[in-house]
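Please look through the sequence and the model before reading on.

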Amino acid sequence: MKKIKIYSILFFACLFVMSCEDQINLTPAQSLNTDEALADLDGLETAINGAYNSLQSVGYYGREFYVLPEIEGNLAYLTLANSNRFISAYTYTWTVQNGDIADVWNIAYRTILRANNVLDKIDALEGDATRKDQIKGEALAMRALCHFDLVKFFAKPYATGNPSSDLGVPIATTSTLEELPRNSVKEVYDQVIADFNAAGALLTGTDKNRFSADAVDALLARVYLYQNDYANAESQASKLIAKYSLGSDFNEMFSSATSGEDIFTLQFLSTETNGSDNHGGIYNPEGYGDIRATQDLIDLYEAGDQRNLVYQHTDGEYYTSKYDEQDGVQGLVSPKIVRLGEMYLIRAEARYRTNNDAGSLEDINTLRAARGASAWTAIGSFRDIIEERQRELVFEGHTTHDLWRNGLTMNRSQCNTGLEVTVQSCSILASDHRTVHPIPQDEILVNQMMVQNDGY
Amino acid sequence: MKKLYALLVFFAVTAVSLSAQRTISGVLVDDDGLAIIGANIILKNTTIGTISEFDGTFSLDVPAGSETIVFSYTGYNTIEMPIGASNTMNVTMTLNSRLIDEIVVVGYSDGTRLGKVASVSTISSESIENKPTPNVVSSIQGQIPGFLTSANSGQPGSSQEVRIRGVGSITAGRNPLYVIDGVIVQTGSISQLDASSNSSDILSLINPNDIESINVLKDASATALYGSRGSNGVVVINTKRGKSGKTAVTLKTQYGTTEASFGKFSLMSPQQIWDYERLVLANSGQTPDQIDENRPESMLDNTFDWLDAAFRTGTNYNVEVQARGGNDKTRFFVSGGYNSIEGTQIFSDFQRTSLRSNLDHTVNDRLSFGLDANISYAQSQNAVNGNRFQSPLASAFTTSPLQGAVNPETGEYYVGNEVDYIGLTGDNFLYSLPLNPVNINTLRMLTTLNMNYKITDFLKFTQTVNVDVITDDSKDFDDPTTNDGRDDNGGLTSSFNQNKALTTQSLLKYFSDFGNGDHNIDAFGGFEYQRVNTKGFFASGIGFADGRLQTLNSSAEPQSLGGSISNYAFVSFLSQVNYDYLSKYLLTASFRRDGSSRFGANNRWGNFWSVGAAWNISDEEFFPQNNIIGDVKLKASYGTAGNASIGNFPSQELYSFGAAYQGNPGSSPSQISNPDLTWETSDQLNVGLDFALFDGKVNGAVEYYIKNSKNLLLNVPVSAVSGFNSALRNIGELQNKGVELTLGLNPVSSDDVNGFNWNVNFNIAWNQNKITALPNGEDIDNGSQIWRVGEPIRTVFMQSWAGVNPSDGTPLWHTADDDGNINGVTGSYNDAGEFIVGNASPDFTAGFTNEFSYQGVFLSAFFYAAQGNELYNGSKGFMDSDGRRFGWVHLTDALDHWKQPGDISERPQPLSGGNNNATSTSTRYLEDGSFLRLKNISLGYNFPSSIIDNLKLTKVSAYIQGTNLWTLTNYSGIDPEAELDGSEFFRYPVGKALTFGIDVTF
């Protein structure tokens, strides 16, 4: 009798077990398996939005990637009493563990993965061909932009080095956990151009806040310029110059994500504010206000030049108002990844380098006229073109790249005056190893194929 | 033993009827004045005896000329009372902590025998009662060997990190499993607003004064029964239950104060800072005019002590009532308590209201029921995370005293964003904190129903159903006029979370003895199912017209909305068999099979088992009978357990959907696929020796264990080129081995409860930890530590500070050769080598308690020590920074620095922006974290019955106790006890507390 009871209990227990498998077969409620997430065009469009979202990271276009080439240059200085951001960048004393530098590496490749996952799936999917092409084009362009950003940040400039032998960055064209070696600078540029060209052929959308055929053309102009491929740079820039026109209010342009001169702008909605970590906060006295305008910058401008956004604050120091606010949110910025002003400057530089001084002067003067600056009669030296770029593009992530790719020295004439954090040396030669950032130490440790940059 | 007494009693009763000449009667009570039922009362050296009744009364007929009566009861000290002229004898019996393993309850079973085989440390209610902390876990530190804990924050109610027998995992959870009244419960913080600081712990909702005992299960024979969740040890909490007899009502009140303790932390005075920063500017090449402009003398006119303003004298107030009683059918314990704590940091407090009712009812010989219900509600205002502008923690340690708090022109607090305001955060917390509250309100309903049905004399069925519902309702408001709220014109986040756990246990228990009772077997087998559903949502809005309007309705613009759902389930089969022969040889074996939704599809079920044995050598006939060596018991166990604290869905390749662009949804890869992912397992061997010497004046236990953890989950770093930084794999192996010694001494004891008694308890635990396997044997960098095969998991690995170059005052570090040996010095941080420079886990920890009592006065002092661990003083890296943190506060030590060529100095020349990476991680800030601390000292008085009897009271005691009053350490930071992981960074310190209380029982 007792045995029967025991057995019957065991029997019911066994029945229960059979349903147990269901009890412990749970699926997450707020995530999807990758295959389910990328099963159709809707899923891929959502995934490519995720890639744009990655571009917005504070460690990438949300701030750091734009600020580093500025604070490492001579147009901005880090004030003495600061929030401890960007000290090592200003003083050129970063270590191989530097977090800002690692962020650029990690986030750019994270963005590439988000694009690659889309590209890995899209060819096999059915759906509206135009929409499919648009998504694929955006993913290709995304991948190209990130590789270009990485190679200019972590490798010697194409134009002044030996691109076929200089180490670039690993090219990632599919989702893999394999440890990839560094490709040569040339291989990376070739991949970037191939991806941009493929993207340009697919993109039909005209949203300025997403990759478009125009965005791809404009970015290609920049890539060719970085290669000293002046003919292609000029022809690409000309496409945009023919299509867009100058004339936006220079100051208001930076409070908008869709000004007339914008070609491709990464949009930040007012709900996407990062608060104190908004890009502009590092420049504005209402925010951290750590980074201020040097005399070098102030001296660049003549009276009436709309691009002079430097102002003296009540504390007596000079700040830029380029990134004051957007939609009423302090420091919020929709970064202009590429805009028309740069196209004139690219073409002017390309023309100057190909001995078309007149054409170059014409481009410069067209731009200067639109900005309320006086016309030049001649271009005195190549340095003039670089300075014109600085007037137009300061605080937009170009400053040191423009110097290094042309083999120019970064020379701070406002230096160690007491306002700024102390630096060991007020100028950095283009040949200095620190003009190239170190590969993050974590990557060196984990990736057996990885080689560190010279000097680190 | 009990059987023997029962036999004696039988003979005694027979004998007494023959020669009764005098009747001694009285009442037998315990420390709390509660009746002791069923105690043995025997005339010394005779067989005359009886047992106490339900109300504790007894009556014993003794022959004339009898001298002494012996009172004994399991778990209590045996008392011998001389027979005097009076025929009345009222006796108070005290608990005997040495014998406590007799009543060990280890979760699924009463575990009487298991307690003798397994490694289980027990803490009784005295050691945890009336402590000025809402989280009981903090009271365990030092009381038992091999148990390390530290508070995540000084915020009252903060969660505790716990390590039992060393760090048993690298990536997965390292905290033990908690079991309350037989049921596995949830722990930690559930508030979404508290995710990073973990400063509100749902375990703080359990009133420590409701707890009868805590058993810490350490070896495999005890933890294997908890299967895939037992590997980090198990903390079994048993709450107080009713006792039949007169109802005892106890009123407890307590009041105390707490002072924040900053250890050896010493800050420069305003004048010193002003002088120092002027020097920094001069060193950096500024002209006297520039220095005067940057650091004018007027700065000394409006100075302020920010640290002092951020902290206050905290208070702790506790009042509660407990009632305990019942009859032979129904027994109850009910309690209600209110605990209010103001933390030492301004605007951090905690209030808890807790109600409990534990009922037991015996229906008949076969059927009994029990219902435990606990409802607790806690409200806390949280100390804000250090990464927030308004955090007093960040600001108090960084805002220069040269910056006043009040604007002398307006007489009002600075907001913090004024142009000339110097402060790292651009926020004056004295202005913003009152306006920006963070409130976390938690309600917990923990209810357990037990049903026992005796099928036959030897078979019992037990069914347990537990429902644990925790809801959290949190609010985080940023006033529009403060820096955190200004951008958005005010912001409010409201969140609501609910965790629901349902647990059912069905156990069939078997008892049998045979061979005239020489052989005893008890066993059980059964089934357990637990499912936890977690659900939450939050909403935030911006744009508030007025800071007093703190509801989402008042928000002008909805900002974001979120919701989350996460579930997990465990299905388990478990069983255990215990056997003993004459209590001389004991054997135990257990088995559990666990299945869980957390594990990968290929590895969904796991088996865990253990065996153990004990041998009471002193019960053998060959064992010499003398006064020197009393009891000797040898025990050993071996078995396996697992660690399933690996997150809810770690095995699946996932895309998550939090990102967005242009207001459209975005998705991102969040997890790499790993269908083989499974729990971590550990196997543990435990060998122990229990002994009693010198007539029981010395007793103790020594245990040796070796625990190998395998399949450790590791976030294996992967090349970031993949788009991921790490992938979770079951790949590491880790070993912990150690020795634990517990010693109890009773140097002076008196038969009279009012006589002089001195008890000493000492425990010490050595633990050695090393990593035994890593993927491909490759090192893994873990910040300032390294994971390397053959080295402890907390191996400190960093650049080695080589001092200051006497010629120019710049920093130097050591360089390394290919074998990792020092081969020179360098002035470039990037060229410096990294070295193994220590271990952040202590070599040993020890607890030492002395208790004295005499004539109702009792005094106890409890010391705790940890020895041999390195602690990285991260705060110092910020406050002793050679000018890098210009405009902050500086440590007084920073005044001693290099001044001129030839100086041999600890510190480089201070320069603005710092001196060449001198503050980067290096042994410069690594210190010895060893310490000795007087954790608790208390002095109390039990009022004598001559006073309280007239007041119709049973017991009155008053006490005063001090917590953390004294510390001996070379560590220069805030608190050496604060960190388990080896790095201290601005934290909310745990304070020194002084508490006064009175307990009245009637």
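This is a predicted model: local features need pLDDT of at least 70, side-chain atom pairs count only at pLDDT 80 or more; totals for chains, interfaces and linings use all residues.

How many residues lie between β43(B) and β44(B) in the hairpin that they form, and which residue in the turn has a positive phi? There are 2 residues between these strands, and B:Gln855 in the turn has a positive phi of about 50°.

## Overall form of chain B

Chain B contains 12 helices and 50 strands. Its radius of gyration is 31 Å, close to the 30 Å given by the globule rule for 1002 residues, so chain B is as compact as a globular protein of that length. The C-alpha trace spans about 110 × 65 × 65 Å along its principal axes.

## Burial and contacts

Of the 1002 residues of chain B, 51% count as buried. Where contacts in chain B join residues at least 6 apart in sequence, 69% of them link residues at least 24 apart.

## The hairpin and its neighbouring strand

Strand β43(B) covers residues 844-854 and strand β44(B) covers residues 857-867. The two run antiparallel and are joined by 11 bridges. Within this pairing, B:Thr849 has B:Phe862 of β44(B) as its bridge partner.

Strand β44(B) also pairs with strand β47(B), which comprises residues 931-942. This pairing is antiparallel and extends over 10 bridges. Here B:Leu859 stands opposite B:Leu939 in β47(B).

Terms used
Residues are numbered from 1 along each chain as its sequence is written. Chains are lettered from A and ligands numbered from 1 in the order in which they are written. Helices (H or I, at least four residues) and strands (E, at least two) are DSSP runs, numbered from the N terminus. The radius of gyration is taken over C-alpha atoms; the globule rule is 2.2 Å times the number of residues to the power 0.38. A residue is buried if 20 or more other C-beta atoms lie within 10 Å of its own, exposed if 12 or fewer, and partly exposed in between; C-beta atoms are placed from the backbone. Two residues are in contact if their C-beta atoms, placed from the backbone, lie within 7 Å. Two strands pair if DSSP finds at least two bridges between them.
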